[in-house]
Each structure stands twice: as structure tokens, then as C-alpha cells.
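Biologist: Hello! Could we go through this model together, one question at a time?

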Amino acid sequence: MRGREKQAVLVMSLIVVCVGVAAAVRGNELSQEIRQNSLRESALEQQLEEETQRTQEIQDLEQYMQSDEYIEKTAREKLGLLKENEILFREE
């Protein structure tokens, strides 16, 4: 090969190496982003599960608060109401 051809091959090789290094660096950055996104996704899934459970608990409580059992309990505890023929004994 002549001097110019050697120089052209050297420049092309250098360009290929630079592109390879740039691709490897970018690939590493993308891998880190994927790991971070995976951790974030796991945290969000956990939060969603907790909020779903909380929503279910609120719905259960709402349903209970509309029941006769809750109404009777509240009437007894807060208002001191009794059923017919019922006697209340209090300790002093």
C-alpha cells in the first residue's frame, strides 16, 4: 500500500474505533437507565398495590358504616340508646 492508502485505512480504523467506543458508552448509559426504570417500576407497583388495598379497606368501611350493625353500635355507644325491654347497668 501506498502512503495515502495507509493513512486512509488508519483514519477509517480510528473512526470505526471511535464509533464503537461511543456505542459502548451509550449502551452502558441505556443499561443504567433500564435498571433505574425497573426499580422505579417496582416501587410504583408496590405503591399501587398499597393504594388498591387502602381503597378496598375504605370501601369495606363505607359498606359497614351503612349497615344496621354499625348504626346500632353507634346509637348504643354515642347516644346511649337501648332496645325495647333492655336494661342498662353502669358501674360507678
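Biologist: Which residue forms a salt bridge with Glu 51?

Modeller: Happy to start there, and please keep in mind that this is a predicted model. In general, side chains of opposite charge can pair when their charged atoms come close. For Glu 51, the closest N and O atoms of the pair are 3.5 Å apart, and a salt bridge needs them within 4 Å. The partner of Glu 51 is therefore Arg 54.

Biologist: Why are Glu 51 and Arg 54 separated by about one helical turn?

Modeller: Look at where the two residues sit along the chain. Both Glu 51 and Arg 54 belong to helix α1. They are separated by about one helical turn because their spacing in that helix is three residues.

Biologist: Are Glu 51 and Arg 54 buried, partly exposed or exposed?

Modeller: Glu 51 has a relative accessible area of 36%, and Arg 54 has 49%.

Biologist: How many salt bridges does the structure hold?

Modeller: One of them is the pair Glu 51 and Arg 54. Another joins the side chains of Arg 26 and Glu 29, at 3.2 Å from N to O. Arg 26 also forms a salt bridge with Glu 33, where the closest N and O atoms are 3.8 Å apart. The count for the structure is three.

Biologist: Which residues are linked in a network of salt bridges?

Modeller: Arg 26 takes part in a salt bridge with Glu 29 and in another with Glu 33. Arg 26 and Glu 29 lie in helix α1, about one turn of the helix from each other. The linked residues are Arg 26, Glu 29 and Glu 33.

Biologist: Are Arg 26, Glu 29 and Glu 33 buried, partly exposed or exposed?

Modeller: Let's take the relative accessibility of each in turn. Arg 26 has 40%, Glu 29 has 36% and Glu 33 has 38%.

Biologist: Which residues form a nonpolar patch on the surface?

Modeller: One member is Ile 15, which is found in helix α1, residues 3-65. Together the patch residues have about 380 Å² of accessible area, and they are Val 11, Met 12, Ile 15 and Val 19.

Biologist: How far apart in space are Ile 15 and Glu 45?

Modeller: Along the sequence, Ile 15 and Glu 45 are 30 residues apart. Going from C-alpha to C-alpha, their separation in space is 44 Å.

Biologist: Where does Thr 74 lie, and what separates its C-alpha atom from that of Ile 34?

Modeller: Thr 74 lies in helix α2, which covers residues 68-79. With a relative accessible area of 22%, Thr 74 is partly exposed. Thr 74 and Ile 34 are 40 residues apart along the chain, and their C-alpha atoms are separated by 53 Å.

Biologist: What radius of gyration does the protein have?

Modeller: Start with the secondary structure, which comes to two helices and zero strands. The C-alpha atoms fill a box of roughly 120 × 30 × 10 Å along the principal axes. A compact globule of 92 residues would have a radius of gyration near 12 Å, whereas the protein has 37 Å.

Biologist: What share of the 92 residues is buried?

Modeller: The protein's accessible surface comes to about 9,100 Å², and 55% of that belongs to carbon and sulfur atoms. To count as buried, a residue must have under 20% relative accessible area. Buried residues make up 1%.

Notes: Residues are numbered from 1 along each chain as its sequence is written. This is a predicted model: local features need pLDDT of at least 70, side-chain atom pairs count only at pLDDT 80 or more; totals for chains, interfaces and linings use all residues. Side-chain values use heavy atoms; hydrogens and water are left out. Patches are made of residues with over 30% relative accessible area and no salt bridge: like charges are joined within 9 Å, nonpolar side chains (Val, Leu, Ile, Met, Phe, Trp, Tyr) within 5 Å. Accessible areas come from the Shrake-Rupley method with a 1.4 Å probe; for residues, only the protein chains shown count as cover. Helices (H or I, at least four residues) and strands (E, at least two) are DSSP runs, numbered from the N terminus. Buried means under 20% relative accessible area, exposed over 50%, partly exposed in between (1.4 Å probe, protein chains only). The radius of gyration is taken over C-alpha atoms; the globule rule is 2.2 Å times the number of residues to the power 0.38.
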